[in-house]
Amino acid sequence: MVDLTQYRSHPDKQLLVHIRGVVEKVRSLTNLKIAELAAIFHDVGKLNPNFQRKIDAPKVGGYSNHAYLSAFSFLCYCAANQKTVLSALNNEKEWIGSVLAIVAHHHGDLPDFPFILNKDEYSRLLSFLEENSNLPVTELIRNFIQHTPFSVSNNPLKEYFCNDLQYKVAKHVSRPLDFYLETQFAFASLIAADKSDASHYQSNKTIQNFCSQYRNRLDTYLKGFSEDSELNKIRSRMRKDANQKIREELLKGTKVLSLTAPTGSGKTMMLLSLAGEILKHQNNLRVIYALPYLSITEQVAIVCYKVFHGLSDFIYRVDSKSENRNFEELQAMLDKEPAVIKEILASQFAEDTFDYPFIITTFVRLFETLVSNQNAALLKLPNLSNTIFLIDEIQSLPPRLYGFFVALLDAFCKKFDSYAVISTATMPNFVLPQNNKHTLSEFFKDYVTPTELLSMKYFNEQVFNRYRIERLPNPIELKELADKVEAEWCSILVILNTIQDTKDLFNKLSERPIDAELILLNTHFTPNDRKAKIEKSVKLVKEGRRVILISTQLIEAGVDIDFPVVYRDFCPVPSVVQSAGRCNRNGELTEKGRIIIFNLQKNGISRSTLIYRGKDSRFLNFAKEKIQASTLQEPELLTVQQSFFDDIQANTLFGVHYGKQFKEEEIDFIQRLKEVAFSEIGKFKLIDEREFGEEYRYYVPKSDNDSAFEQLEKLHAELKEINFSDFEKRKFKYIQIENHLKSMAGNIVHVRLRQMDIKPIACSENCCGLLKLLKGCYNSTIGIQLSTENQIL
């Protein structure tokens with residue numbers, strides 16, 4: 001009789017207790033059989049006597065790894081219990097390969113199939129098995145599943161485990177989309193359960209409490225809305241119509257819906273209201289509100305805190321600037337109460353796993369997670385199940401991926417019991433194209449185009465006929481643009497395609513005696529300064545002061561700002577619509593607002609072609625063809641944008657994305673999904689640094705007395721002094737550094753530079769990917785100073 005209590009998984013936990021805890025947690029996250037099997041076998045390899053010695057003495061010699069031994073144990077179990085295993089897996093043996101990959105890589109990332117095992121690691125495992133013949137694997141597994149006993153040490157499978165066998169069980173996948181989604185989710189469930197059990201983390205059980213109060217708080221807030229204007233009356237009517245429509249669709253089992261509404265129609269409140277209707281239909285769901293830009297996540301968070309007043313502890317913003325709200329308070333208690341460190345680690349784990357009832361986050365965190373293979377990113381995936389996704393400004397995704405991501409999201413929602421409402425003023429066409437090299441209707445078998453919640457009739461309401469669009473017939477140089485801007489009698493917003501253009505126009509106008517507040521806005525300013533500039537512009541315009549705001553496209557989506565005149569350099573149709581949404585937004589002008597579209601040139605080259613070039617030039621050419629010199633009214637723009645999205649749907653490669661990180665510098669997502677190429681798919685990034693330049697981050701000190709950067713260097717030095725085996729202290733120090741970086745985020749400038757560009761001058765060495773900017777290289781009027789052309793955003 002083997003005494004299994006002598007084996008440990010961690011210094012303070014028995015192996016049997018740990019596996020039992022992980023299995024229970026996995027079962028609470030998913031009913032996938034592959035996840036349960038992976039949980040049972042994931043740490044069987046810790047029976048390795050070298051691993052057991054390593055727990056107390058990290059520098060023990062010999063083969064002490066456990067993941068491949070666990071994976072091999074699983075295959076030995078399958079060989080001895082074929083009928084039972086195949087019955088549990090619906091006689092689809094490829095799922096054996098799924099479990100094999102999950103177990104072998106649960107401390108790393110999911111690999112590309114079918115070659116999922118490393119030959120060198122396997123060779124070391126073979127040598128170990130030759131010398132260790134009495135591992136009690138069968139005795140351990142018997143605690144979880146009845147099975148025919150098997151041997152690991154003398155099993156004939158070891159002769160071809162790493163070559164023929166893994167190829168056979170992982171090559172032929174009959175249902176690739178299901179295989180991808182379920183393997184990814186099972187892997188994510190295992191690593192989340194493994195980490196939470198090892199750290200004694202207890203999940204936040206607050207969703208039910210939040211959901212029980214959601215509707216009352218929202219209704220109370222909505223009752224405070226005045227309907228003294230025609231616009232507010234229309235907004236209320238739209239919200240009621242959308243609510244009625246979603247109630248009907250929910251009864252039909254619809255999971256993914258679209259909300260197309262004019263700019264300024266109150267989409268935030270409509271989305272929150274629609275989430276409330278879903279919660280009436282199915283209670284106790286998490287809400288994840290996803291937006292493309294940090295500036296909008298901040299705005300939406302402020303609105304949500306107001307709407308759900310008193311429930312702010314349930315609402316959590318997760319992005320690169322959001323600080324852990326509990327960290328400072330808990331850190332202050334640490335000296336007197338050392339046990340608080342566990343609470344700090346738990347708080348960070350909750351953020352990493354999206355374990356809050358209401359999350360506000362960015363597209364990067366949502367969409368990159370949906371196609372990720374990476375351990376750290378996938379920690380949050382289990383908490384995307386049983387969720388309501390509110391996705392605003394969907395047109396900000398890469399155009400060739402509109403349909404792919406919505407079809408993938410549709411499959412995810414149906415499989416993992418979630419809902420999605422996709423919103424924008426410029427809704428893409430999500431019908432699967434027929435003229436594709438893949439038979440998309442077979443790949444996405446259950447896909448249904450999202451049901452629209454609002455009638456397009458609202459675009460014809462008089463309150464949404466707020467501006468007219470004019471196109472200047474001939475290209476113009478910067479001086480002529482400056483002349484036209486100076487000649488305008490009122491406040492004006494000018495949106496240009498490159499940072500350099502905004503700086504050049506600002507400098508040109510600064511030389512003239514203009515009676516207006518001249519404001520420059522682009523990403524060469526710190527977030528704090530950008531926010532202050534937008535707030536200042538809004539305030540001055542409301543006061544009737546004349547403002548000339550010169551900005552890049554960062555002003556376009558989700559920024560609640562209102563100008564009577566907007567000048568926009570040529571861009572694709574969705575950007576035209578979003579820019580126009582900053583003109584006469586609330587319909588308060590006695591006459592219509594004016595949108596002036598122009599073609600800015602420099603040295604005979606259109607500046608727009610520097611941004612929308614190569615394969616993306618077709619999007620720009622479409623706008624040039626459809627927006628002619630004649631005047632367009634706002635309602636007429638709906639037809640133009642619909643034809644633009646129809647053209648993308650019919651004439652671009654579905655689910656194809658370009659980037660230098662991929663093989664052959666592009667990825668066909670459907671093909672890679674068919675190949676189950678987790679690693680290749682996981683390389684996807686919404687922003688390709690090598691295409692638009694490598695990103696450099698500079699900290700701009702608030703004053704001469706600002707020591708935030710020096711404090712960061714001190715924390716980083718302290719981290720390097722902590723022993724690698726002291727996980728708890730190292731993790732705490734990482735959290736300290738991350739939160740300190742987030743506290744500095746408002747004064748960090750992100751600059752994308754290509755190899756030939758001249759870098760800003762730093763007065764420090766790189767610390768945590770950050771440099772301290774030399775004094776005098778930045779000011780709040782013109783931003784960071786550098787010599788470079790063609791900066792975007």
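In this predicted model, proline 114 sits in the loop that runs between helix H6 (94-104) and H7. The peptide bond joining phenylalanine 113 to proline 114 is cis, with an omega of about 5°. Most residues other than glycine have a negative phi, and most peptide bonds are trans.

Asparagine 584, in the loop between helix H24 (573-580) and strand E15 (593-598), has a positive phi near 45° although it is a residue other than glycine. Glutamate 665, in the loop between strand E19 (656-658) and strand E20 (666-668), likewise has a positive phi, near 60°, in a residue other than glycine.

How exposed are these two residues and some others?

| Residue | Relative accessibility | Class |
|---|---|---|
| Asparagine 584 | 4% | buried |
| Lysine 13 | 10% | buried |
| Leucine 632 | 15% | buried |
| Glutamine 711 | 33% | partly exposed |
| Glutamate 665 | 45% | partly exposed |

Lysine 13, which belongs to strand E2 (residues 13-14), counts as buried because its relative accessibility of 10% falls under the 20% cut-off. A polar atom of the lysine 13 side chain lies 2.9 Å from the backbone oxygen of aspartate 197. When neighbours within four places in sequence are left aside, lysine 13 is in contact with Arg8, His18, Asp197 and His200.

Leucine 632 is part of strand E18 (residues 632-633), and, not counting residues up to four places away in sequence, it touches Tyr467, Arg468, Ile469, Ile627, Leu637 and Val640. The C-alpha atoms of leucine 632 and proline 473 are separated by 14 Å, while these two residues are 159 residues apart along the chain. Glutamine 711, found in helix H31 (residues 708-721), is 322 residues from phenylalanine 389 in sequence and 38 Å from it in space, taken from C-alpha to C-alpha.

The next topic is the packing of helices. Two packed helices are described by the angle between their axes and the distance between the axes. For helix H4 (residues 67-80) and helix H7 (residues 119-131), the axes come within 10 Å and cross at roughly 75°, and H4 and H7 are therefore roughly perpendicular to each other. Tyr68, Leu69 and Phe72 of H4 make this contact with Glu121, Tyr122, Leu125, Phe128 and Leu129 of H7.

At the start of H3, a side-chain oxygen of asparagine 48 reaches to within 2.8 Å of the backbone nitrogen of asparagine 50.

Which residues touch the most other members of the largest nonpolar core? In this core of 161 residues, they are Phe389, Phe404 and Phe444. Helix H10 (residues 176-198) contributes the largest share of this core, 12 residues. Another core, of 47 residues, lies apart from it, with Leu250, Leu257, Phe314 and Val421 among its members. As for phenylalanine 444, its contacts beyond four places in sequence are Leu177, Phe404, Ala407, Leu408, Leu432, Phe654 and Ile670.

Note on methods:
Residues numbered from 1 in each chain as written. Predicted model: local features only at pLDDT ≥ 70, side-chain atom pairs only at ≥ 80, totals over all residues. Heavy atoms only, no water. Core = buried A, V, L, I, M, F, W, Y, C linked by side-chain atoms within 4.5 Å. Buried < 20%, exposed > 50% of the residue type's maximum accessible area, 1.4 Å probe, protein only. Helix = DSSP H or I, 4+ residues; strand = E, 2+ residues; numbered from the N terminus. Contact = heavy atoms within 4.5 Å. Axes fitted to C-alpha atoms, helices over the stretch in contact; angles between N-to-C directions. Parallel < 35°, antiparallel > 145°, perpendicular 65-115°, else oblique. Polar contact = N/O pair within 3.5 Å; in protein donor to acceptor, adjacent residues only side chain to side chain.
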